[in-house]
Amino acid sequence: MTLGIRQLPRTALIALGLLVVVWLAIKASQGGNTFLQVTLNGTTDAALYFIVAAGFTLIFGLMRVVNMAHGSLYLFGGYIAYVAQTHWYAGGTSQFQLGATSSTSIWGFLVPLVFATLVIGLVGLGIQQLLLRWNQGQDLRQALITIAVSVIIADQLIAHYGGIVESIQQPTSWPNSIVIGTFRYGFFRLVVVLGAALAVGVLLYLLIQHTRLGMIIRAGVDDRPMLSALGVNVQLVFAGAFFLGAMLAGFGGVLGGTMISVGPGLDSQFLLNSLIVVIIGGMGSLPGAAIGALLLGLVQSYSAIYLHFGATDLTPYGVLAQFILVIAVLAFRPLGLFGRPA
Amino acid sequence: MSDGGLLEVQELNAYYGPAHVLQGLDFSVDEEPVSIIGRNGMGKTTMCHAIMGIHPGSATGSIRFGGLELLGKAPYKIARAGIALVPQGRRLFGSLTVREHLRVIANRGGNGQWTPERIYTMFPRLAERQRNDATQLSGGEQQMLAIGRALLLSPKLLILDEPSEGLAPRIVDELVGNIRGLAHNGVRVLLVEQNLGVATAVAERHLVMVAGRLATELTSDQLMSDPELQRRYLGVEPLSD
């Protein structure tokens, strides 16, 4: 068998993939708890990415709109919940008191969560109705418009909330961590965020596979003009899908704001995450978003910790690993793992 | 006189950018089925899309259905006004099963005469394949599903764009029987065909489309008895029988 020159990069990528697996196996055998910790970090990050990217991929799949303001909706959602929590449930959650007097009730967390999610859904609907609807089918215009929106939102957020990183408080009655034997891990990350991602995944799956609305959405992804010619008001379905997709960004923003923080720069970071997730998974595919999020989360997490080779520390270059992941997937599946031609 | 199902097309022009695809079409479809025949690329499918409102370019003129102006209306409103399209190439939804195709459309507009059960009675083979994806069906079954899907709108007018394309002769005969049955039951039919056998079996009036214009109108007898006409307008070797 001859190895064609075009086969060479692919072969190199397969070899690289095998090396990574072997390397991780060695690390896993060396330090059990650390490896578990790093793996769970990656998995819970992935859960958050999935929630946000599911909304992104839903909007793209149906409307072919690459919503570049998705990351801004994520961050905006986090800020809305933060403000709602500090204003409505002011238990003295100033960062200078560090929990001394602060307490957050369950409602003090859930009400801002639901409120921010709904408001972001409406903001997304507004963007779609006011700015995108009359530019349908014009991909470049829509991308530029949503980039403009994201810049405006980012600046307004800095103007109003400043550059200080804040975080949303989880209910005081919820435990901070769960302990299994000698291993301790954050409760909110492991139970709430992972649970929320599973719930979002299952609910979206049921919605898309088993309801009439889901059938309409799938049919719309397949052949929009034909669906319209069969008496379905596609504009109404678009509006609903945009509302739902934006809500997921806002919902993710509140969870992320509790699990990590809310602060400037997270908007572009989560836009990039969402883009990578759907590029790996295949634009418009829900299972693709799940697999893509998991791969991205794990690669980010492992590369941030395990890129030590003897005395050489390559962890500062760990951010490059996610792009190598993208290249590797696209080399084998140009449309992403679950992607289908438009 | 009528139940408001008269289709009147006047001075219909359609453009793709600078290309003038339909050039002043004038015709009407009343209770008798009408066929539009012509070679490939003459604008037949563009005309179907223009009537249905899914034409991607621009269109001018007038398309009235039961007195209601359709040009410029959204496709779903045109469908709800009582026109259903069975498109060229079937255009089924690849990610839906047979049953889901019928569920998506059921109870939309129309007067509810047609239900999924009635479609299954008309096409028993679809009932057997309810759980299959549309992509797993044979060509004939796909055509049945495309027709069934359109009928669920309980249309007053059914537009069929080359329904016999790619089907085996035995299936085509069955299809002709189905379309005649529908026409007999009061569904108005506008049939676009290249197969003269199908066109003449369904309709008596035939409009010949040449380069975006309606060149002439013929009866079935005129069409069948004149090999020269067939060669000139359709580029086919004359039917021999």
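The structure is a predicted model, in which local features need pLDDT of at least 70 and side-chain atom pairs count only at pLDDT 80 or more, while totals for chains, interfaces and linings use all residues. Residues are numbered from 1 along each chain as its sequence is written, and chains are lettered from A and ligands numbered from 1 in the order in which they are written.

**The sheet**

Begin by selecting the open sheet of chain B, whose six strands stand in the order 6-7-8-3-9-10 with mixed pairing. Strands here are DSSP runs (E, at least two residues), as helices are (H or I, at least four), and both are numbered from the N terminus; two strands pair if DSSP finds at least two bridges between them. At the edges are strand 6 (83-86) and strand 10 (213-219) of chain B, each of which pairs on one side only. In general, strands of a sheet pair through backbone hydrogen bonds, either parallel or antiparallel.

Next, select strand 3 (residues 34-37) of chain B. Four bridges join strand 3 to strand 8 (residues 188-193) of chain B in the parallel sense; there, I37(B) has E193(B) as its bridge partner. Strand 3 of chain B also pairs with strand 9 (residues 205-210) of chain B, again parallel and over four bridges, and V34(B) stands opposite R205(B).

Continue to strand 10 of chain B, which runs antiparallel to strand 9 of chain B and is joined to that strand by six bridges. Select V208(B) and its bridge partner, T216(B). Strands 9 and 10 of chain B form a hairpin with two residues between them, and A211(B) in the turn has a positive phi of about 50°.

**The contact with chain A**

Now show both chains. Which chain supplies 22 residues to the contact, and which 16? Chain B supplies 22 and chain A 16, where contact means that C-beta atoms, placed from the backbone, lie within 7 Å. Helix 2 (75-80) and helix 3 (98-105) of chain B each supply at least two residues of the chain B side.

**Two glutamates**

Most residues other than glycine have a negative phi. Select E11(B) in strand 1 (residues 7-16) of chain B; its phi is positive, near 50°. Is E11(B) buried or exposed? E11(B) is exposed, because 11 other C-beta atoms lie within 10 Å, and exposed means 12 or fewer, buried 20 or more.

Finally, select E162(B), in the loop between strand 7 and helix 7 (169-184) of chain B. E162(B) also has a positive phi, of about 50°, but is buried, with 21 other C-beta atoms within 10 Å.

Terms used
Contact = placed C-beta atoms within 7 Å.
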